[in-house]
Structures are given as structure tokens and as C-alpha cells.
Amino acid sequence: MQKNILEIKNFVLKSSAEVPSTVREIQKGKYEKLLIHIVSYLHNTVLVQILYKDLIHIYPEAKIAFLKHDDKITTSVNLFSIKIEDIDDISDEVLKELYLDNSEKIDCIDDYRSELFKKYFTDHLTQLPNLYQLRKDLEQLESPGLILLKIDNFQKINTFYGFVVGDYVLEAVAKHLKEVLVDNKVYRLSGAEYAITLNHNLGFYALKKYIEEVYEKISKIDVIYREARIYIDFTLGSTSMRNNCNIFSKVSMALMYARQKGVRYWIYEDRMHFEDEYSRNLNFSHIIREAVQNNRIVPYYQAILDNKSGKVVKYECLARMIDSNEKIISPAVFIPIAKNIKVYNEVTKCIIRKSFDFFENSHYEFSINLSIEDIMSSEMFHFIMQTLHDSKASSRVTFEILESEAIQDFKRVDRFISEVRRYGAQIAIDDFGSGYSNFSYLVKIEADYIKLDGSLIENIDVNESSTIVVETIVNFAKKLGMKTIAEYVHSSVVMDKVISLGIDYSQGFYIDEPSLDIK
């Protein structure tokens with residue numbers, strides 16, 4: 001609407017006493033062609049009649065129309081002044097101008113709506129189409145193919161250089177992908193994850209060849225930021241499923257599997273049934289949470305025999321979970337999932353708390369397994385120290401550090417060991433002879449006990465190599481003043497072999513099975 005053509009003013013009155021002041025306000029304006037709408041619930045009121053007489057007296061040439069509205073309290077006066085000399089009917093001209101004004105507003109709203117929808121389907125950082133657009137496109141394609149790409153080292157880049165450089169890298173990667181994958185539509189999903197679509201789903205071997213070509217194109221990218229050269233590593237995932245139902249979730253599972261296996265890409269096939277494993281894990285996650293909340297994480301106690309005296313002198317406290325059906329679940333099953341769903345600390349605390357309570361007034365020594373994660377956790381560190389401070393059993397506990405997990409920060413481990421020893425607690429290296437085993441661990445940690453891994457003990461009566469390895473470890477431990485404990489002692493023959501090698505303690509089903517109580 002051209003503002004120099006049509007001018008609109010509005011006035012509102014609630015009583016006839018306001019008519020004089022409203023009319024004076026109206027008179028301040030300069031009007032050439034005037035249309036007046038008096039809008040009220042009733043037209044025969046004193047207010048309306050006085051208002052009409054005053055306005056027609058002041059503006060005898062004006063066209064005055066009465067309109068109705070549902071507001072019983074107020075009366076409105078709308079003035080339309082139009083600066084056009086040659087018009088036959090001012091009402092028609094005003095309606096025309098109002099129509100043009102409304103049309104412009106509608107166009108403006110449509111443009112704004114289009115821009116808003118565009119933003120909804122566009123990633124704000126890279127200006128690539130986003131996850132919502134991908135889902136929309138996958139629905140519209142009859143038999144689409146999908147490849148997901150993830151920057152493997154983005155978290156390290158973001159941590160080391162900061163989020164500003166991290167965003168710069170994401171933008172640079174988006175630009176590179178658009179340039180080298182000109183035949184594909186490129187999307188940015190969340191974080192450092194991108195996607196490309198194929199118009200048709202390919203068979204396994206055709207897809208494998210295609211992904212290798214894609215990987216070759218994208219693997220040559222490095223990002224220059226100021227003087228720093230940042231190298232980018234990718235992992236890809238896709239699917240050659242005949243049925244494209246749930247294609248996004250299946251490709252996501254393929255990508256995750258590839259990252260877990262450390263391979264460049266993975267293609268999901270019908271026979272893999274990853275979704276079954278995910279479903280089991282989700283269901284089991286609920287069972288674990290419920291067990292933690294309802295205090296059904298319990299320690300089972302397994303006896304440790306002194307080989308010289310032939311008496312049980314220690315017990316190892318082993319974590320078990322009891323489900324709602326009273327079924328006993330092994331830690332090998334529930335601990336990895338407990339770590340993934342962030343309840344592992346609660347599991348460890350429960351075992352520590354119950355074990356200390358059980359042995360509080362006992363003469364037996366007892367041991368509790370700790371992972372490197374437990375030792376590195378400030379929360380767990382303070383919990384353990386408080387437990388040692390409050391318990392009478394602190395001088396009889398041994399913390400078994402799982403040697404099968406790599407130790408990255410020996411300073412923190414050394415601090416932990418120093419602090420627990422202040423309370424009389426001891427340290428054992430568990431599972432020695434597997435995983436990351438090396439004798440430097442023994443020197444650095446200065447443990448009180450070494451627990452020989454079961455894989456070395458279970459066949460020691462028939463495997464000469466195991467005998468040689470165990471004999472070497474035992475002799476080395478003796479020179480360092482450390483005691484040795486053999487795990488997996490399952491027969492009298494193995495027991496005799498263990499004793500003959502000079503191992504100090506034995507543990508296994510031949511001696512005692514784990515149970516809720518001690519004999």
C-alpha cells in the first residue's frame with residue numbers, strides 16, 4: 001500500500017462523555033477525501049448519535065458508515081483519508097487500497113514462511129540440508145541408498161584447538177564433500193556426521209565398490225587453519241538391504257560397528273541382525289537400572305587358600321546382579337552395559353559398601369576388583385577414601401586392579417595406592433599374564449599381590465609354555481617381595497602343579513565356588 005495515498009486512524013470510546021475530546025483529536029488531522037466507519041454493538045445509543053452529529057457537522061462531505069461488532073462496551077471510529085482527486089466512490093477506492101495492502105502483507109508472510117521452512121531443513125553452520133531434510137528426501141525416493149560419514153578424530157580436534165577451529169573444520173569438510181561428491185546430495189546431520197544419498201539402492205558388491213570410490217575421494221582432505229594443518233579421518237557406513245525399511249537406523253548401526261572394529265567402512269546386510277542385539281541391550285539396560293535402583297547388585301564371595309597352611313584366609317568379592325526373576329547375572333554380561341548407561345559407579349559403590357559391611361567384624365581378609373576407570377574417577381576416589389576412613393575392616397581389604405586395562409596415568413594410580421595404604425589396605429594386580437601384561441607394571445605399581453590370569457593356570461598341568469611363563473612371573477614376583485595368587489584352580493592336578501611352582505595362594509572351583517555367604 002502506498003502510504004501517501006491512504007491514511008488510516010483509529011479512535012476508541014467507552015462513554016458519551018469522551019465524544020468531545022475524541023472529536024477534538026480527530027480535528028487535528030488534515031483530510032481530503034474522508035470515509036468514516038462508526039463501529040459499535042448498537043447504533044441507537046446516545047454515544048453513537050452524538051458522535052455522528054458532531055462528525056457530520058465538521059465533515060459534511062465525508063461519507064459515514066455504521067458497522068457492527070460484538071464488543072458491548074466500546075465504540076470505534078475508523079477514519080480513512082485518501083489523496084486522490086478524481087474518484088467516483090471513496091469506499092471502493094479505500095477497499096482497493098486495503099486489498100493491495102493485504103496482498104503485500106500476504107506475500108511478505110509467504111516469503112517469511114518459506115525462509116523459516118528453509119532454515120528448519122538447513123544446517124545453520126554449513127548451510128547443507130540437515131537431518132530433517134534427509135528424512136524427507138528418503139521418504140520421497142522409491143528405493144534410496146544411504147551412506148553415513150563420520151569424522152573420527154573430530155573430538156580430539158575440537159578439544160585441542162577449541163570449538164572455533166572445530167566449527168571451521170566442519171565447514172571446510174562440508175565444502176570439500178560438496179566439491180568431490182558432485183553426483184550426490186550431501187547432508188550434515190549432528191556433530192561431525194554427514195550423509196549422502198543415492199537415487200537407487202545398490203547390491204552389496206556394487207555398493208562396496210562405490211563406497212571405496214567415495215572413501216578415496218574424501219580421504220585426501222586436510223584443513224589448513226592459519227599455520228596448522230589438520231588431517232581428517234573418516235569412517236563410513238551403509239546398507240545393501242533388499243528391504244529399505246528403517247534404512248537410517250541400519251546404516252547408523254553399520255557406521256557404529258565400523259568404528260568399533262576400526263575399519264574404514266561397513267555395509268549392513270540382512271543376515272547381520274544388529275538390531276536384535278541393540279534391542280537386547282536396550283531391554284537389558286532397563287533391567288540393570290531397575291536392579292541398581294532396587295539394590296539387587298550383590299557380592300558373591302569366593303575363597304582364597306593359603307597354599308602353605310592349606311587354610312582359607314581370604315575371600316574375593318565378585319559382583320553379581322539378581323534380576324526380577326531371581327536369576328543370577330554374571331558381571332561379564334551386565335558390567336559393559338552398566339558402563340554404557342552410566343550406572344557403573346553405582347554398581348562399584350554397592351559392591352564396596354556391602355563387602356565392607358559383611359567383613360566389618362570378621363577376621364578374614366577380602367579383596368574387591370577395581371577398574372582403571374574407578375581409580376581415575378574423582379567421585380570413586382573420594383567414596384573409597386571415605387569408606388576406608390569409616391570402616392574397621394580397612395586394614396584387611398585388598399584392591400585388585402584389573403591389569404587387562406591399559407594404565408595411561410601412572411601418577412594418579414600411584415596416588416591412589418599411596419592413599420589407600422595409609423589405611424592399611426593392600427594392592428593386587430589382577431589378571432596378570434593377559435591384556436597389556438608387562439613386567440614394568442610390577443615395578444611401577446609395587447603391588448602386594450600378583451594374581452596370575454586363569455588362561456595361564458587352567459591348562460598348566462598339560463601346557464609346558466604356561467608352566468614356563470608362570471614360573472618366570474613367580475620368580476620375578478619373589479624378587480620384588482610380592483605374593484602370587486593362582487586363579488582357575490579347577491582340579492587336584494592343577495592344584496599340585498601350582499604348589500610345586502611356589503605360588504602362595506590358590507583360588508578356583510576346586511577350592512570353592514562363589515556364593516552369597518562364606519563357610
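Helices α13 and α14 run roughly parallel to each other, where roughly parallel covers angles under 35 degrees. This is a predicted model, in which local features need pLDDT of at least 70 and side-chain atom pairs count only at pLDDT 80 or more, while totals for chains, interfaces and linings use all residues. Residues are numbered from 1 along each chain as its sequence is written, and side-chain values use heavy atoms, with hydrogens and water left out.

**Helices α13 and α14**

- The axes of α13 (residues 378-390) and α14 (residues 410-421) come within 10 Å and cross at roughly 15°; axes are lines fitted to C-alpha atoms, for helices over the stretch in contact, and angles run from 0 to 180 degrees between N-to-C directions.
- Helices here are DSSP runs (H or I, at least four residues), as are strands (E, at least two), and both are numbered from the N terminus.
- The crossing of α13 past α14 is right-handed, meaning that the near helix is turned clockwise from the far one by less than a right angle.
- On the α13 side, Ser378, Phe381, Ile384, Met385 and Leu388 make the contact, and on the α14 side Arg412, Arg415, Phe416, Glu419 and Val420 do; contact means heavy atoms within 4.5 Å.
- Six nonpolar, one polar and three charged residues make up this contact of α13 with α14. Ala, Val, Leu, Ile, Met, Phe, Trp, Tyr, Cys and Pro count as nonpolar, Asp, Glu, Lys and Arg as charged, and the others, Gly among them, as polar.

**Helices α11 and α13**

- Helix α13 also packs with α11, at an angle of about 10° and with the axes 11 Å apart.
- That angle makes α11 roughly parallel to α13.
- From α11, Asn345, Glu346, Thr348, Lys349, Ile352, Arg353 and Phe356 meet Glu379, Met380, Phe383, Ile384, Thr387 and Leu388 of α13.
- This contact of α11 with α13 divides into six nonpolar, three polar and four charged residues.

**Helices α1 and α2**

- The axes of α1 (residues 19-27) and α2 (residues 46-58) come within 10 Å, crossing at roughly 30°, and the crossing is right-handed.
- Val19, Val23, Ile26 and Gln27 of α1 meet Leu47, Ile50, Leu51, Asp54, Leu55 and Ile58 of α2.
- In the contact of α1 with α2 there are eight nonpolar residues, one polar and one charged.

**The largest pocket**

- The largest pocket holds about 880 Å³ of space. A pocket is an open set of points on a 1 Å grid over the protein atoms alone, with protein on both sides within 12 Å along at least five of seven lines, and lining residues have an atom within 4 Å of a point.
- Among its 33 lining residues, Glu316, Leu318, Pro331, Asn369 and Asp430 are the closest to the centre of the pocket.
- Strand β13 gives the largest share of the lining, five residues.
- By class, the pocket lining has 14 nonpolar, ten polar and nine charged residues.

**The largest cavity**

- The whole structure has one cavity of 30 Å³ or more; a cavity is a set of grid points where a 1.4 Å probe fits but cannot get out.
- About 40 Å³ of space lies in the largest cavity, a volume being the space filled by probe spheres set on the points, which are joined across faces, edges and corners.
- Its lining consists of Ile304, Lys314, Ser367, Thr398, Glu400, Ala428, Tyr449 and Ile485.

Methods. Angles under 35 degrees count as roughly parallel, over 145 as roughly antiparallel, 65 to 115 as roughly perpendicular and the rest as oblique.
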